[in-house]
Each structure stands twice: as C-alpha cells, then as structure tokens.
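This report examines how the chains of one assembly are built and how they meet. The sequence and structure are shown first, and the discussion follows.

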Amino acid sequence: MMKSWIIIATIFFWLNGYSKTITVGGKNGISTIKQAIQFSSDGDTIIVHPGRYREGNIVINKSIVLKGIKLPVLDGQHKFELISIKANAVVVDGFKIIHSGVSSMEDMGGIKIYDCRDVVIQNNVLEDTFFGIYTQFGKNCSILNNQLTAISKEEQQSGNGIHCWKSDSMRIIGNTITGHRDGIYFEFVTHSIIWRNYSHGNIRYGLHFMFSNDDAYVSNQFKGNGAGVAVMFSHGVKMFSNRFEDNWGDAAYGLLLKEISDSYIEANVFVKNTSGIYMEGASRVHLFKNLFENNGWAMKIQASCMDIQVEKNNFLGNSFDVSTNGSLVLNSFNGNFWDKYEGYDLNKDKIGDLPYRPVSMYSMIVEKNPPAMLLFRSFITSLLDKTEKILPSITPEGLKDNFPLMKKAF
Amino acid sequence: MKKIIKYVLVDIIQNRIVLIYTLFLLVTSFSVFSLEDNSSKGLLSMLNVSILIVPLVSLVFSTIYVYNSAEFLELLVSQPLPRKKIWLSLYTGLTAALMLAFLVGVGIPLFVYEPGLTAVLMTMSGLFLTAIFVAIALLASVKTRDKAKGIGIAILLWLYFSILFDGLVLFLLFQFADYPLEKWMVGISSLNPVDLTRVMVLLQLDISAMMGYTGAVFKDFFGTDLGRIITGLFLLAWAIIPLWISTRLFHKKDL
Amino acid sequence: MIIATNVSKRFSKLQVLDNISLACNVGECISLIGPNGSGKTTLIKCILGMVMPDSGFITFNGKNILHDWNFRSQIGYMPQIGRYPDNMTIGNLLSMMKDIRNHHGELDEDLVFAFELNSMLQKKMRTLSGGTRQKVSAALAFLFNPNVLILDEPTAGLDPVATEILKEKIIKEKQKGKLIFITSHVLSELDDLVTQVVFMQEGKLVFHKSIEDLREYTGELKLNKAIAKIMVKQTV
C-alpha cells in the first residue's frame, strides 16, 4: 500500500518538475501572451501582469493555465475574437476582456471553447464583447464567477452572454450577465448545471434554453430581461429556487415553457412578471411550492398542456391567477393557497370546503378576444366575474383546486 | 357671477351631503392605503373609487340639487341677471364644491401615500369626471321637469356610463371578433369619459404590458404627450358640450 | 312702456296665451283679472322673461326683452307663491338680493319695517308661514324702488292689517307715477287703486279698458259688479 503511494507521488513530482511558469509583462516578463504560449507546453502556467494587451486573436492550443494578475486587459479593438481555446484542460483565470469584434458571419466571442473538454474559465470580466463566453462541443467545462457586460442596444448587434452549443456536463456557476442578447444560451446541452447566476437587463431572454435535456438550474436570479426566461423543446429539466422578477412587457414571461416534459419546477419565486409562467405543449411538469406574487397572470396554461401538477404553491396579489384558452383540462391543481379564495373552512382542517376556480370569466374572455383587455378593471368585468363565481358557465369545469388552503402553503 | 357662485357654494356647504361625501372619500382612501400592503393595488382601488363613486355622486347630487334649487333659480331669473350667468354659476358652484370634496377626500391621501405622476393623473381624472358628470346632470335636469324622473335619468346615465357602455363594447368585440378592432377601440373608448380616464390611469400604472397588442396600440396613443393632450381635450369636450347644451336649454326654459 | 305684441304660449296641449297684445304706460295701475287658469301668471312671467313666448314679442321701453336682461332692474316682482331657498334666513335673503341687484339708488325699506321683518331676520325661510313669505315677497318687490311693479295676487294669504299696509304702499307708489301691474281674483280690494282693467279668459285677452270707460259702459260704480256685468254680456 505504502509502495503504491510512493510511486504516485514520484510520478506527480516528476510531472511537476517538467511543468514551468512563464511570465508576461511586468519587469522581467515576455512582452506578448502569444509568444508565451509559443514557448509553453502542456501543463505550463502563464502569468500575465497588469497591462493592456492588443494582440488580436490569441489561440490556446496547449493544455495550459493562463492566469491574469489584477485583471490585465485584453483589448480586441472591435476586430478580433480574443481567446480561442482549442486544447483540453485549459484554464483562463482573471482577465479583463474588452472590445471583441462584431461579425454577422461568425460568432465572435470574448472567449471561445472549440471542441475540447475540462476547460475552466473563471474570474474574468468581459465588457463590450459580442458573444461573451462561447462553447461549442465542450465537455465537462466550468464557467465560474465571470462578469459579462454588453453595451449594445440592438438584438442583431448583440450576442449571447454565455453561449453553449452541443455541449455536455457543463457547470455555469456564479456568473453575472447583463446587456447581452440572451444572458445564458443553451442549445443541445445535456447533463449540465446552471447555478447561482444573476442574469439581468438582457435584451431578449435572461436564460434561453433549447433542445437541452436533463439539465438543472438552481438558485439563479433573472430580473428585468426583455422577455424573461424561455425553456423550450427539452425534457428532464429541473428548476429549483430560482427567482424570476420584473420581466414586464408585452411579450415578457417570467418563465416561458414550450414543449417541456418530465420536468420539475420547485421553490421558485415569480414576482412582478407580466406572466409568471406561460406554458405551451408542456406535459408531466410538476410545480411545487413556488411563490407567485404581483404578476399580471400567475400562470397561463394553454390547452395543449397535459399532466401539469400544481401543488402547494402560493398565489398572492396577481391580477389573474390562471388563464387558459380551452375548456379541456388535463392538469391538476391541489392544495395551493389563493389569496382570492373566498370560501370557508367549517371543519377547521385548514382546507377550504369549497373548491377554488382560479380562472376568472374575464380572463377567459380576454384569452378569446384580446382587445377586451380594454375593459380591464372596469365595473362590468368584476360584475361578470362575480356572477361566474356563483353560476359557472364559461370557465372550464375541471379547472379547479379542490383543496384550496386557508393559509399560505409555506 | 362671482356673487351667485358664492351663494351657491355657501348653500351647498350648508347642505351636509357634500361634507358626508368628503368624509366618505377620506375614510375610503385612508382605509384603502393603510389596509393594502401593496401600493399599486391601493392605487387601483382608488381608481375604482374615482370611476364609480365620483360619477354617481356627481350625477345624483347635482340633479337633486338643481331640482331643490328651483325656487332659488326662479328668484334669480326674475332678477336683472342674465340666465347664462345664473346657470354657469350654478354649475361652477356645484363643480367647485364636489371637486373640493374630491381633492380633500382622495387627492390629499394620494399625495400623502403615493406622491408622483400617477397621483397627479388620478386626481386630475377625478376632477375631470366631477366636471363632466355635473355637466351631464345639469343637462338631464334641465331637460326634465319632473324631479323623480330627473333623478331616475341621472341614475340610468350612471348605469350607462359605468356598466352598460362597457357591456356594449364587449358585445361589439365579440360580434366583430374577426376584425382588427384595436385602433377602433381607441375611438370607442373616447365615447365614454369613464373608460377614457380608466384606460389613461391604467396605462400610467404600467398595466399596458398586460393589455397585449391592444395595450400597445393604446400606449402608442394615450402614452404620448399628444395622446394625453387629445385625451384631455376629449374630457374637456365631455364637460363643455353638455354644459353648453344645457345652458342653451336653460336660456329658453320656462320657469 | 311695456308692449306685448301677439304673444302666444302653449304648454303641451294647453294654449295658455292666445295671441295677446297689450300696451302699458307709465303712471297706470293695471289690474289683470280673470278666472283661475286664464293665463294671468303666465303673461306676467312672459313680461318678466321667465317664460319664453312661442310667438310674438314683448318690448320694454322699446327694447325686445329677449335681448336685454337688464330691464328687470326696473321691475319689482312679487310672485304668487314666494318660494325661496330653504336654508336662507330672511336676513340672508335680503342681503343677497341687495348684493346681486347691485342697486345704487336709495333702498325702499318701508315694507320691511311695516311688516316688522327686521325683527325676524334670523328666521329661516322654511320655517315661515305662507303669509310671512308673502310679506317677504312684497318687501323685496318694493325694496329697490323700481319703476314698474308686478304684483301677482299680492293680497292672497295676507291678513287684513298687512293687506291694508300693502294697499297703502301701492297707492303711495302709484302717486309717484309708477307703472303698477296687479293680478287678482279678489276684486273689491283693488277698487280704489286701479286705473285700467285687463280681463283674460282661457288665454285670450277679453278686454282692456280704463276704469272710467268700464263704469260708463256698464253703469256700475263697483268694479266687481261692472266685471260681472261684462261677463254676463259676454256669455249671452
């Protein structure tokens, strides 16, 4: 046993002995990063001292660590992609990357990972880049604690913050993204986690997620993005403890679910969104212990959804709790708290004795005839809603919570 | 004219109804703002007060007041005073008293709890609605000699502006559901001052996002300065035209 | 001074005034008499501009009253039934009238004192009896020293003492050369005041004669008898 440890240690020191550290900038360093990479070999570390480096496109084709001290600036002069990673296990740590080129022909990124694995990109600041951190065919890469800020105002002029395409086992953790087209963009990405990111003020979506199965996103905050968050054409998605806030606008959703199946949405908070959740063609989605507060619509569930389970959620101060566009309901609502519930609890089991119908008549009318929104908050609509509550006729019969809670679910 | 307004005002203030109205508004406003933890919800509740209670009180109170002042009017008409002045003074006195009640009952709480552009807009719209519905009440009462009938008409008018009109709009929307009606709706809403003020305040509260395409069309119109000016002119017209007609009718009325 | 030309007025189906023409001059004291519902009050209201004639016109000192509201400053009007804002006191009413009349000349407060209204200035109008209201109306009619007095049933509801006071006041004003226009169906009280008689029936002006002509025509000294005689002649 002891012997094998010694062998491992020996191999480690041997390898270590052959790896070297190269310094760029400062008093004794090489002047350019490109030269340093040329001199380096796999396993080496390049330390970059503070300064402004205008070297065009830097290609890292060896498995090295590129580490900046006190955020050295890499300036792309609006012409170049700054760092292109084309080797496995590269680490890019602590750079300030600014002014990437903008191109409609190719997706220029601040940092781009080409078809490699185990890359770590951390603690960088990206400003005024077209795409921020771009991964294609990446595997087991980590993108940690970066700050990405784009300044473009128009959707065409702006790329995505963290863009992953056909990748697997990615870790996107602790990044702050603002001003990009989409904050985080996933397409064909599997088995990945998006954790503790803050994506706000992006032009389109805070998170845009397509054809990406079996991913989880946890404890992220999405605030004030042009259209909120879109999760589409995926299955096995877990969304836990995220916060969707202030996604307010004509076509803005806290969370847009399209063709999503076998997914879990738990303990999220939806505050002040035009629509908290908008669902279309979703099936087998479980919503549990989420908070919907002060949204225009807490949930819009189109008739194309089925087997949506809505349980133990709190609905507070939403203009409309639920709206739908059909009469067939294949979804279940159970044991939620609805602040608009006006029933009673005679047997004191904390469950209302009358079912609650979260779809108001007026919301049905609006769904069928959008200009009727003109009558929002008018006397006649509240009159209609009251009548409908007493004598349900238009609202779907099956859409009701049979066990509405008398007190908040959590 | 000032003198007549003074006497009308004194008379209305002696009449306790306006005082009760003021107190009612005050109590409502303060309870709304202190009970609602959410400020925008409080504003929406106040909006309901302005678009339901203000027209109702303005219409019914003014109508009754005009009928009850028949003697006063008769006395004034036999005096060397132009009828136009008498009528406009009556209108001004009524409007001023009810506006004052609204300012104290709703305006002050609004500025205490929610100072800002929305408060300004809501107060303005309440004042406009007061001016409009006093004018409409005067028109209704100058047209009908019988007091009971006049009050009935006032209540019917309130029902029309608060409920029936919107019902009609809803009906039209469904009848012509296949046509793009959004732009027409801007025009149609200007046919009802209650709708006009409601939409304007809602847009200010940034509910427009919820109104979808309709909201966008509305915002394009009502959200701009030009739109606000046009809306203001429309509201002004809603006050001036009934007032003008009623003045003409009063000018020829047999007392 | 006041000339009515072809004045007609119809209240829905009822022809209240039918083509009435009438001329009244300074210094006359005209009694407008006729049965109930003959259109006396309506005619008076037309003259005051409170009721708009359907056709015909009325001039006051040569000006059409339709286009000139200010002529009313020369008229003192005592309505048949004085109705005043309930909440006002007599004092309020008097001061309001003084306020809105904008009268520059001397005020004639004879009746205010004669009827002892000055001692009950604090009383609210709604608490007053019909007679007291009439007193208030009368006092108001004379208050601004108008050239023309239009008194609609002035003695109705007044007690004999007040009636006598009012009558004396009317005579006094008549002597000043004012035009006085009185409607009444109680004839005897007016005998010694009247210089002209206008008789109306069913909206039509039956005759307009001076009292001398009338006496000569009928041979009766008493006015009511003379009128009765005429009515008999008419119906025969």
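Predicted model: local features only at pLDDT ≥ 70, side-chain atom pairs only at ≥ 80, totals over all residues.

Sorted by class, the contact of α4(A) with α7(B) has five nonpolar, two polar and one charged residues.

Two pairs of chains touch, and the pair with the most contacts is that of chains A and B. Chain B contributes 30 residues to the contact and chain A contributes 22 residues. On the chain B side, at least two residues come from each of α3, α7, α8 (182-189), α9 (193-204) and α10 (212-222). The largest share, eight residues, is supplied by α7(B).

By class, the side of chain B that touches chain A comprises 19 nonpolar, seven polar and four charged residues.

## Chain C and its partner

Which chain does chain C contact, with 17 of its residues? The partner is chain B, of which 19 residues take part. Helix α2 (residues 90-101) of chain C gives the largest share of the chain C side, four residues. That side of chain C divides into 10 nonpolar, three polar and four charged residues.

Chain A and chain C, by contrast, have no contact joining them. The closest C-alpha atoms of chain A and chain C are 37 Å apart.

## Chain A as a whole

Chain A contains four helices and 38 strands. Along the principal axes, its C-alpha atoms fill a box of roughly 85 × 60 × 30 Å. Of the 410 residues in chain A, 45% are buried. Among contacts in chain A between residues at least 6 apart in sequence, 46% link residues at least 24 apart.

## Helix packing within chain B

Helix α3 (residues 39-68) and helix α5 (residues 83-113) of chain B pack with axes 10 Å apart, at an angle of about 165°. Because this angle is over 145 degrees, α3(B) is roughly antiparallel to α5(B). The crossing of α3(B) past α5(B) is right-handed.

From α3(B), the residues G42(B), M46(B), V49(B), S50(B), V54(B), S58(B), S62(B) and Y65(B) take part in this contact. They meet L94(B), L98(B), F102(B), V106(B), L110(B) and Y113(B) of α5(B). The contact of α3(B) with α5(B) holds 10 nonpolar residues, four polar and no charged.

## The largest nonpolar core

The largest nonpolar core has 250 residues. Those with the most contacts inside this core are L257(A), I132(B), A135(B), A139(C), I150(C) and F181(C). Helix α6 (residues 117-143) of chain B gives the most to the core, with 16 residues.

Which residues does A135(B) touch, when those up to four places away in sequence are not counted? They are Y91(B), A239(B), P242(B), L243(B) and S246(B).

Notes: Residues numbered from 1 in each chain as written. Chains lettered and ligands numbered in written order. Contact = placed C-beta atoms within 7 Å. Nonpolar A, V, L, I, M, F, W, Y, C, P; charged D, E, K, R; others polar. Axes fitted to C-alpha atoms, helices over the stretch in contact; angles between N-to-C directions. Parallel < 35°, antiparallel > 145°, perpendicular 65-115°, else oblique. Left-handed = near helix turned anticlockwise from the far one by under 90°. Buried ≥ 20, exposed ≤ 12 C-beta atoms within 10 Å, placed from the backbone. Core = buried A, V, L, I, M, F, W, Y, C linked by C-beta atoms within 7 Å.
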